[in-house]
Amino acid sequence: MRHVISLLLENEAGALSRVSGLFSARAYNIESLTVAPTEDPSLSRMTIVTSGSDDVIEQITKQLNKLIEVVKVVDLSEAAHVERELMLIKVRATGKDREELKRTADIFRGRIIDVTESSYVIELTGDSRKLDAFIEAIDRSLILETVRTGVCGVGRGDRILRL
Amino acid sequence: MVLTGAEIVIRCLQEEKIEHVFGYPGGAVLHIYDELFKQESVRHVLVRHEQAAVHAADAYARSTGRAGVALVTSGPGVTNAVTGIATAYMDSIPVVIISGQVPVPAIGQDAFQEVDTVGITRPCVKHNFLVKDVRDIAPTMKKAFYLAESGRPGPVLVDIPKDVTAARCEFRYPADISIRSYNPVVKGHQGQIRKALQLIFEAKRPMIYTGGGVTLADASEKLIRFAKSLGAPVTNTLMGLGGFPATDKLFVGMLGMHGTFEANMSMQYCDVLIAIGARFDDRVIGDPAHFGQVPRKIVHIDIDPSSISKRVKVDVPIVGDVGEVLDELNRMLDATAERPDAQAISDWWKQIDAWRTRDCLAYKNSDEIIKPQFVIQKLYEITKGEAFVTSDVGQHQMWAAQYYLFDKPRRWINSGGLGTMGVGIPYAMGVQLAHPGSPVAVVTGEASVQMCIQELSTCKQYRLPIKICNLNNRYLGMVRQWQQLFHGNRYSESYMDSLPDFAKLAEAYGHVGLRIDKPGDVEGALRESFKRKNELVFLDFQVDQTENVYPMVQGGKGLTEMILSSEDL
């Protein structure tokens with residue numbers, strides 16, 4: 001089962017490697033991992049997408065909690081939450097493809113943020129499936145580069161992860 | 001008061017009332033060594049290899065309960081220490097390791113004796129720090145001792161660049177420390193404890209299974225009270241030996257791969273299992289699927305939530321300090337006359353006593369050749385069971401665990417989790433320094449002992465009168481045993497040729513060395529050696545080459561699938 005685990009941790013050098021090291025040392029999966037400081041610069045917020053049986057996920061949250069620099073851990077997938085991911089995709093855009101790519105980007109509520117004679121850079125946000133769907137929707141041979149941030153997520157409504 | 005970083009390090013150790021530091025000097029720690037030289041309260045013990053410094057500090061902690069301290073230089077000083085750190089980590093032993101680092105501007109430049117210490121040690125410490133500002137030394141040292149000793153204990157490393165030890169700042173040692181992201185649970189959840197007790201009262205075949213957590217929490221007396229008020233059988237893991245008196249009739253022996261028949265059978269067939277400060281590891285329960293075949297309810301008390309339901313699903317988890325939870329259980333037991341059904345308990349004991357009649361630790365003694373088990377039994381007799389016993393890793397370790405009956409905690413010092421060969425002598429050094437005047441024996445083998453044999457020199461320098469019982473079978477005994485049992489008698493690289501004359505080797509280091517060939521000489525040699533109160537005696541026992549450790553559960557097999565003797569092969 002896919003799980004989205006969100007954590008608050010001390011914004012200190014080395015904290016990220018403790019988390020990633022834990023995953024590799026204990027052979028847990030990481031599908032994506034994103035991290036950045038929060039409104040309180042002493043704290044970072046990290047979102048990890050992982051998969052495993054219930055037992056494995058239980059161990060993952062316990063082991064994360066055990067890391068000294070981890071302040072709080074929550075498994076977002078236990079309840080309602082929203083997820084977003086940002087993708088920048090550079091495509092070859094010439095001839096009739098230019099118009100088609102623009103149309104498809106519009107349908108996906110993407111924005112073209114860089115234009116040259118022969119290429120576009122399209123910015124797209126959404127959950128991971130939407131970004132996958134966009135890639136499926138366009139001609140693969142036109143893709144020059146894709147960059148994805150990985151998932152970040154937040155609980156809906158009253159579910160709040162803070163100190 | 002303005003002090004240098006090096007002065008601050010020493011002041012912090014003094015504030016923590018540290019009496020011994022085990023270490024080895026080098027470029028990056030020279031300022032710290034200079035300050036050590038100028039004072040008397042912190043005594044430095046110069047080992048011969050950094051691995052031994054950490055082992056000795058680790059044993060100091062195991063035998064006293066306070067954090068041990070090791071001091072090593074950068075680069076190879078640290079990499080040599082890693083085995084010691086990992087050993088302490090696996091057994092949850094509080095150790096603070098101070099390592100030198102190249103100066104801050106040189107970090108990342110591939111400087112001489114530079115290594116990414118924080119990176120290399122990260123997976124085998126409870127936590128580690130790189131201190132880049134002299135003002136951070138005192139608070140970091142305070143945190144290091146707090147983290148090492150609180151919650152589930154473990155090693156904590158503080159890496160200090162050389163220029164930071166030379167820089168100056170105002171010194172103030174924090175009186176206490178709080179870390180917002182670290183709040184170990186102490187008290188157990190009341191509701192869970194009550195639930196556990198209810199299960200226990202309904203038990204027909206209760207069983208108490210305890211590990212190193214009881215020793216770490218100094219909860220031995222509380223465990224004894226708890227077990228006695230229930231009249232339930234008790235087994236200890238290798239790490240838990242001494243947590244419950246081995247000579248008590250409630251004790252059914254160690255369990256696990258080389259546990260007693262009765263311990264493994266009662267573990268498997270109990271209906272309510274109370275696990276206390278133990279973690280159901282692979283050497284203890286064997287195949288978890290086989291263990292799960294028998295229905296039973298499990299109560300698990302542990303300070304570390306991640307130890308609970310890791311390998312075996314439990315019914316009533318209780319997160320908390322083992323001592324606090326046992327106190328609470330004892331209070332509740334005192335307040336009620338309710339107990340498990342007396343008839344059921346008596347039937348259970350009849351079954352256990354029937355298992356006991358298998359006498360699974362019996363072995364055939366000999367007049368011709370020394371049996372290793374016999375040496376341990378004599379060691380037990382002569383020391384009246386009151387010695388501190390350290391061991392290395394292998395067959396001799398298992399025999400020591402089986403035949404030396406530990407009645408008190410913190411007397412049995414061995415590497416349970418990591419299984420580090422070579423710990424025996426350095427462990428004995430740490431124990432002897434912590435307990436001057438107490439008898440300290442090392443049970444070792446000719447292979448393990450050579451992994452830290454250089455420490456005989458340290459023992460001479462500090463006049464440590466430890467008694468080394470070398471069960472010399474000219475084989476890597478446990479490897480040979482597995483090869484005999486599971487690899488068709490193909491003894492691949494398990495025979496040791498060209499062994500030194502250990503008696504002479506001990507003499508070369510300035511100690512007393514004895515070689516013992518005949519069973520009739522074992523007792524005399526042991527008595528003689530313990531009479532020499534001020535001398536280290538190396539007893540090289542030439543033991544039966546083919547003796548195996550029984551009972552044995554093959555790796556991956558079920559707990560009750562025991563090989564009880566060579567006749568079962």
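## A paired strand in chain B

B:Leu71 sits opposite B:Ile98, a residue of strand 5 of chain B. This is a predicted model. Strand 4 (residues 68-72) of chain B pairs with strand 5 of chain B in the parallel sense. Five bridges make up the pairing.

How many of the seven residues of strand 5 (residues 95-101) of chain B are buried? Seven of the seven are, so strand 5 is largely enclosed by the rest of the structure. In a regular strand, side chains alternate between the two faces of the sheet. Both faces of strand 5 of chain B are covered. B:Val95, B:Ile97, B:Ser99 and B:Gln101 are buried on one side. B:Val96, B:Ile98 and B:Gly100 are buried on the other.

## Domains of chain B

Chain B is divided into domain 1 (2-170), domain 2 (190-356) and domain 3 (372-549). The centres of domain 1 and domain 2 of chain B, taken over C-alpha atoms, are separated by 37 Å. Their contact takes six residues from domain 1 of chain B and six residues from domain 2 of chain B. On the domain 1 side, one residue is nonpolar, three are polar and two are charged.

## Helix 8 of chain B

Helix 8 (residues 190-201) of chain B has twelve residues. From its first C-alpha to its last it reaches 17 Å, close to the 16 Å expected at 1.5 Å a residue.

Which residues of helix 8 of chain B are buried? They are B:Ile193, B:Ala196, B:Leu199 and B:Ile200. These four lie on the same side of helix 8 of chain B, because they cover an arc of only 120 degrees around the axis. The face turned away from this buried side carries B:Gln190, B:Gly191 and B:Gln198, which are exposed. The buried residues of helix 8 pack against several elements of chain B, among them strand 9 (206-210), helix 10 (220-230) and helix 14 (322-334). Strand 12 (272-276), strand 13 (297-302) and strand 14 (316-319) of chain B are also packing partners of these buried residues.

## Helix 22 of chain B

In helix 22 (residues 522-531) of chain B, the buried residues are B:Val522, B:Ala525, B:Leu526 and B:Ser529. Their arc around the axis is only 100 degrees, so they fall on the same side of helix 22 of chain B. B:Arg527 and B:Lys531 are exposed on the other side.

What do the buried residues of helix 22 of chain B pack against? Their partners are helix 16 (372-382), strand 18 (467-472), strand 19 (512-516) and strand 20 (537-542) of chain B.

## Domains of chain A

Chain A is divided into domain 1 (2-79) and domain 2 (82-152). Their centres, taken over C-alpha atoms, are separated by 29 Å. Six residues of domain 1 of chain A are in contact with five residues of domain 2 of chain A.

On the domain 1 side of this contact, strand 2 (32-37) and strand 3 (43-51) of chain A each supply at least two residues. Strand 2 of chain A gives the most, with three residues. By class, the domain 1 side has three nonpolar, three polar and no charged residues.

## Where the chains meet

The contact between the chains takes 15 residues from chain A and 13 residues from chain B. On the chain A side, helix 1 (15-25), helix 2 (54-66) and strand 4 (70-75) of chain A give two or more residues each. Which element of chain A gives the most to the side that touches chain B? Helix 2 of chain A does, with five residues. The chain A side has four nonpolar, five polar and six charged residues.

Notes:
Residues are numbered from 1 along each chain as its sequence is written. Chains are lettered from A and ligands numbered from 1 in the order in which they are written. This is a predicted model: local features need pLDDT of at least 70, side-chain atom pairs count only at pLDDT 80 or more; totals for chains, interfaces and linings use all residues. Domain bounds come from an automatic or database domain assignment. Two residues are in contact if their C-beta atoms, placed from the backbone, lie within 7 Å. Ala, Val, Leu, Ile, Met, Phe, Trp, Tyr, Cys and Pro count as nonpolar, Asp, Glu, Lys and Arg as charged, and the others, Gly among them, as polar. The expected span of a helix is 1.5 Å times one less than its number of residues. A residue is buried if 20 or more other C-beta atoms lie within 10 Å of its own, exposed if 12 or fewer, and partly exposed in between; C-beta atoms are placed from the backbone. The arc is that of the directions from the helix axis to the C-beta atoms. Two strands pair if DSSP finds at least two bridges between them.
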